[in-house]
Amino acid sequence: LAALLMGEQSVIERSDWAVFRATGVAHLMSISGLHITLFAWLAALLISAVWRRSRRLVYAYPAPYAAAWGGLFLAAAYAAFTGWGVPAQRTVLMLAVATLLRVSGRRWPWHFSLLCVAAAVLALDPWALLQAGFWLSFIAVGVLLLQNPAQEQAAVPDKPQPRWHQHLGQGVQKLLREQWTISLALAPLSLLLFGQFSLVGMAANLLAIPLVTFLITPLVLLGLLFHPLWQVAAWALQYLLAFLDWCAAWPYAVLHTAALPWGLGAAAV
C-alpha cells in the first residue's frame with residue numbers, strides 16, 4: 001500500500017517482486033502512469049462538479065477546461081509527492097499534451113499526439129530512450145489506440161442501443177481483446193529486453209488491472225482522508241496476492257529464452 005501511495009518500492013520484499021514479474025503485473029505495484037492518470041481523472045471530476053455549482057465560475061471559464069487544467073496540476077503535484085520518477089514524468093507530460101490539445105480545440109491523429117509526447121519525454125530525458133519502460137509503455141499505448149473501436153461505432157449511427165447485458169458482454173469482449181493484443185505485442189519485446197515472458201500474464205492482469213486500478217488504488221488515496229479504508233485495501237490486496245501466488249506456481253508460468261539477436265527481436269516487435 002505504501003508503494004501504491006508514495007512509490008516506496010523498497011518496502012516490497014524480493015520474493016514478492018519475483019511473483020509480480022512471473023505474473024506480469026510488476027507495472028501495477030508502484031506509482032505508474034495508470035495510477036497518476038486515475039488520480040487526474042478523479043480530481044477533474046471533483047473540480048468539474050464544484051465548478052458547475054458556481055454560475056460566476058462557469059461564465060468566467062468553461063467547466064471542462066477548468067477540470068482539465070485542475071486535473072493536470074493536481075496530477076503533477078501528486079507525481080512530485082511520490083518522488084517524480086521517470087514513469088510519473090512521462091505521464092504528466094502525456095496529460096499536459098492532451099490538456100493543451102483539448103483546450104486549444106485541436107484534434108490531432110493519435111499517432112501524431114503519441115509522437116509529440118515521446119518527443120517531449122526525450123527532450124527532457126534523452127536517456128529514457130535506453131530504458132525498457134520507455135518502449136514498453138509507448139508500444140502498449142500505441143497498441144491500445146490502434147485498436148480503438150470508436151470509429152466502428154461511429155460508422156453505424158442508426159444502430160439500436162444495446163441493453164445492459166449486451167453492454168456488459170461487449171465490455172468483457174473488449175477487455176479480453178485488449179489484454180490479448182497487449183500480451184501478444186509485448187511478448188517479443190519482453191523476450192528481447194529481459195529474456196523472459198510471463199505466459200500467465202494475461203490471466204493475472206485480467207484480474208489485477210481492474211482490481212488495482214478501480215478498487216485498491218482509489219481506496220489507498222481516499223485513505224488519506226479516512227484511514228480505515230486502508231484496512232479494506234489491504235484485505236483486497238491479500239486476496240490478489242494469493243491469486244498471483246497461485247498463478248506463479250503454474251507449470252511453465254514463465255517462458256525463459258536466451259538473449260535474442262537485436263535484428264530478430266526488432267523484426268518480431
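Select L225 in the loop between α11 (201-222) and α12 (228-248); helices here are DSSP runs (H or I, at least four residues), numbered from the N terminus. L225 is exposed at 77% relative accessibility. Exposed means over 50% relative accessible area, buried under 20%, and partly exposed in between (1.4 Å probe, protein chains only).

This is a predicted model: local features need pLDDT of at least 70, side-chain atom pairs count only at pLDDT 80 or more, and totals for chains, interfaces and linings use all residues. Residues are numbered from 1 along each chain as its sequence is written, and side-chain values use heavy atoms, with hydrogens and water left out.

Next, go to S113 in helix α7 (residues 110-124). S113 is buried, at 15% relative accessible area. Show V97, L101 and W108: S113 touches them, leaving aside residues up to four places away in sequence. Contact means heavy atoms within 4.5 Å.

Now the rings. The structure holds ten aromatic pairs. Phe, Tyr and Trp (its six-membered ring) pair if ring centres lie within 6.5 Å; planes under 30 degrees apart are stacked, over 60 edge-to-face, the rest tilted. Select F39 and Y78: centres 4.6 Å apart, planes at 25°, so stacked. F39 sits in helix α3 (residues 33-51) and Y78 in helix α5 (residues 63-81), so the pair ties together parts 39 residues apart in sequence. F39 is partly exposed at 22%, while Y78 is buried at 7%.

Finish with F134 and F138: centres 4.8 Å apart, planes at 45°, so tilted. Both lie in helix α8 (residues 132-146), about one turn apart.

Note on methods. Helices (H or I, at least four residues) and strands (E, at least two) are DSSP runs, numbered from the N terminus.
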